[in-house]
Structure formats: C-alpha cells, structure tokens
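Look through the sequence and the model below.

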Amino acid sequence: MIARMATTTRATNNPIPRFPDGFLWGVSTSAHQIEGAVDKREPSVWDTFTAEPGHIKDGSTAAVACDHYHRYPEDVALLRDLGVDAYRFSISWPRVNSPGGLDFYDRLVDELCTAGVRPVPTLFHWDLPASLDWMNRDTAERFAEYVAVVADRLGDRVDKWITLNEPAEHTLFGHALGAHAPGRQLLFDALPVAHHQLLAHGLAVRALRAAGATDIGIANSHGPTWPASQEPEDLEAADFYDVLLNRLFADPVLLGQYPEGIGDLMPGDVESDLKVIAEPLDWYGINYYAPTKVGAPQGADIEFGGLTMPAELPFSVREIEGHPVTDFGWPVVPEALTELLETFRDRYGDRLPPVVITENGCSYEGLEDQERISYLDGHLRALHRALEAGVDVRGYFVWSLLDNFEWAEGYARRFGLVHVDFETLERTPKASYGWLRDVLRAQG
Ligand code: BGC
C-alpha cells in the first residue's frame, strides 16, 4: 500500500516506443545495500571494511540500510504496484551460511511469486563472507558449493539466475584501488581476483545446470571508452582501459579466451579454466551507466568519481563535457548505450547470446525527480534504437527500486525510484516511480 507519493509523473511528450512482446521489465537491488539485519548473518568483507574509519564517506554502515529483511512484504507490494515483470535482487552468501539465512530468501521468493513478480537472484554482489578471499582459488570452489545449496532450495520457483555482479568493479575498486571492500591496493597484482571470480562464474553455471536451470546469465558492467584525442598515446591508453572494462570479463565468458597478453598473467592452469569459464550462457547481462573518456597518464594521482586513480596507472580518466551530469557527477549520455550494444554485437557476433540490461539508473536528490525521468526516458529510447539496429535485447532493469547504501558513498547517493527516509525507514515513491508505472502500463 502506497501511503504517499510524488505528484508529477510527466515525462516527455512522445510515448516510449513499443518494445517486443515478452520483453522483460524489471528493477534491481542488492542484498548488502538494502537488507540490514546484519546481526542475523555472519560478517562479510563489507562489514569489516565499513567498520574501519575513513572508508565510507558519510561514516554510515549498512547495519540497518532499508531494513528490507523485515520490510520485504512492503517492498514486494511496491514492485507489484509498479507493474514490473521481474525483480533482480541478490542473495547474501554470508546469510546463506548462517542458521535460518536461506529461509529469508524462501519467504522473499514466495512473496514475489504470490505478487506475480518473477524472482531473478544474483548469487554474488560483492558481499563475500569475511572468512574468504578471492585471491585464493579455493573461493571459486566454495562459491559453486554455495550456489548448489541455493539452487536446491529455490530452484522450484526460480528459473532465471545471475551468477556474478560486476566482477570488474569488485576487482578494480575492491582489490586494485582499495576504495571498496576488502580495501586492497594491489593494482595489477589483483588480476588473480578477476580470474578466480570468472572461474567461480563458470563453476556456478555448471552447478546451476546440474540443478536443472535453463536461464542463466551474468551481470557485467560495460560502457563505451572514448579516447581523449586521436594522439597515439591517448588511443593506446583508451584501448587499455577498454580491455579492462569491456573485454577482461567478456572475452573469457563469451569467447573462451583472455584478451591478448592477459592470460599469461593469470594464475593456475588458465587454458583448462577457460573451458569452465566459457560454459554457454542463455543470456548476457550488461550494467550500463555512462561512457568514460580516457587519455594517457598525466603523471599525478587523479580524483575521479569518488576514486583516487594513482599516477602509475597506464591511463587517466578525463571529464566528459557537454552533457548533463547526475548528482554523482556521471555524464548522462543515452546514445552511448546504443553505441555500446552495437559494439558488442559487432565484436562478438553470434557468440553474444541475447542481451539483458541488468542495471541502468542515476543518482539524484528529491521526490520530484524529473532528471531521473529524463535519464530513463532517454536510455529507453536509446535501447529501442539498438533493437531497431538488430541487437537482440530481451530485458531492462532499472537500478534501483529503493534509495540504499551506495557502498563507499554511504547514503549520500540516491538511486531509488522510491525514496527511503533512513531515520524512519518510510518509503515514498518518487515521480519517476509513477512515470515508469505509466510506461509499463502503456507497454501492456
Ligand atoms: C553496482 C550497484 C551500485 C550501482 C551504482 C553498480 O556498479 O552493481 O551495486 O549501487 O552501480 O553505483
């Protein structure tokens, strides 16, 4: 039941073009960012990291967050009233390890099914049990065991699964730069973290298949990389960044190989691991937010998007000018989503399974969030253009249902269609919620 909501739902004058029948409309969240109830599970690397002073900008913790653990029926009612087909949430591995933890997801999945909303769980969204470490190969094996337990319990009601969320960010922010948990600053020595997550993905696909799953994907983050100029050093730096963001986690999964020169840097029997990593997928999930402009290193540390990029990196990230920016400072460039999807189609050809946009959204303050409406409106039109250009896109998930714990930014960045008052935990749908509900109704 919605007690109160923003009053305007105006978008643009033109209706959003019609998407194909069966197109999957959804919204996304993640466990650590919304659940709270940390006392009912074992700690994750994010709990440990958050407890160390200086890591979270507003000094907050995710101990309560949106208290979704207790308030999930209200949140499922919000999903039902919004009219989405599907809800992408994540399962907390530390919670599943704890007594009664899986019961929570059992209840959530039942509630979703009763509301007519399809559950789409992500099995890992950065909240690794604190006792584990992605530098160890063994963590990939442990992940597959955990996935088998979850699939056994929920597989009778869940048919669409996501193995990992954004292993690129978890590697880069968490292990190379140290801005996210577990806070390591290993730079390129963090590459085993990438390999072990990819291996975990492949082993998880096998575990899910063994449990009978037929609709499996991954959620990788991607975005066009624009060179700062056509000078050779800027082009080279941009290519390097493109490998890190767009190929390091896509080539192994889709082609069964690492980009040139990377495989030799990875631990273990890489050739045999790649066979596991490239287990065929039913669809490929892309999280898209913004393009990145990249140039040659500038000989000094650079502060960018809340991160410190050390001078020794072989590239430097630059401002993209001439576009509006979100409260996070990220440029709003909807046409870059069309560009990205066309690049993926051209790069991977028939090795690219159908695509689902598993995250897209923006941070803005306020209930009358016309900027969020324009962002989503622009990106849906850009997505439709990609469909018209022949890219096989099957679904779109907005990040996020609720304002939530935005990692190192704490509660300062609001990505929700629904406002959360973090004192009272009251939920208030924003104008963008009403707008999306109208779009979905018009889509039928
Ligand atoms: C992550 C989310 C995050 C969002 C906005 C994605 O990188 O998957 O957890 O909240 O971006 O920063």
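Two strands count as paired if DSSP finds at least two bridges between them. Strands (E, at least two residues) and helices (H or I, at least four) are DSSP runs, numbered from the N terminus. The model is a predicted one: local features need pLDDT of at least 70, side-chain atom pairs count only at pLDDT 80 or more, and totals for chains, interfaces and linings use all residues. Residues are numbered from 1 along each chain as its sequence is written, and side-chain values use heavy atoms, with hydrogens and water left out.

**The barrel**

- Strand 1 (residues 24-28) and strand 2 (residues 86-90) run parallel and are joined by 3 bridges.
- Within this pair, V27 stands opposite Y87 of strand 2.
- In what order do the 8 strands close into a barrel? The order is 1-2-3-4-5-7-12-13, and the pairing is parallel.
- On average, neighbouring strands of this sheet are turned by 25° against each other, direction ignored. Such angles run from 0 to 180 degrees between N-to-C directions, and the axes are lines fitted to C-alpha atoms, for helices over the stretch in contact.
- Strands of a sheet pair through backbone hydrogen bonds, either parallel or antiparallel.

**Helices on the barrel**

- Helix 5 (residues 101-115) packs on the sheet and touches strand 2 and strand 3 (118-124), where contact means heavy atoms within 4.5 Å. The direction of helix 5 makes about 170° with that of strand 2.
- Helix 13 (residues 370-388) lies across strand 1, strand 12 (355-359) and strand 13 (393-399). Helix 13 runs at about 165° to strand 13.

- Another sheet is open and has 3 strands in the order 6-8-11, with mixed pairing.
- Strand 6 and strand 11 are the edge strands, each pairing on one side only.
- The twist from one strand to the next averages 45°.
- Strand 6 (residues 225-227) and strand 8 (residues 292-295) run parallel, with 3 bridges between them. T225 has T292 in strand 8 as its bridge partner.
- Strand 8 and strand 11 (residues 316-318) run antiparallel, also with 3 bridges. Here G295 stands opposite S316, and V294 stands opposite V317.

**The ligand site**

- Which residues surround the ligand? They are Q33, H125, W126, N165, E166, Y289, W330, E359, W399, E406, W407 and F415, each with a heavy atom within 4 Å of the ligand.
- The shell around the ligand divides into 6 nonpolar, 3 polar and 3 charged residues. In this grouping Ala, Val, Leu, Ile, Met, Phe, Trp, Tyr, Cys and Pro are nonpolar, Asp, Glu, Lys and Arg are charged, and the others, Gly among them, are polar.
- A polar side-chain atom of W407 is 2.9 Å from an oxygen atom of the ligand. A polar contact is a pair of N or O atoms within 3.5 Å; within protein, one must be able to donate a hydrogen and the other to accept it, and residues adjacent in sequence count only if both atoms are side-chain atoms.
- For W399, a polar side-chain atom lies 3.3 Å from an oxygen atom of the ligand.
- An N or O atom in the side chain of Y289 is 3.4 Å from an oxygen atom of the ligand.
- On its own the ligand has 310 Å² of accessible area, and the protein covers 94% of it. Accessible areas come from the Shrake-Rupley method with a 1.4 Å probe; for residues, only the protein chains shown count as cover.

**Backbone details**

- W399 and S400 are joined by a cis peptide bond with omega about 15°. S400 is in the loop between strand 13 and strand 14 (418-420).
- The peptide bond from A181 to P182 is cis, with omega near 5°. P182 is in the loop between helix 7 (167-177) and helix 8 (191-210).
- A37 is not a glycine, although its phi is positive, about 50°. A37 lies in the loop between helix 1 (31-34) and helix 2 (45-51).
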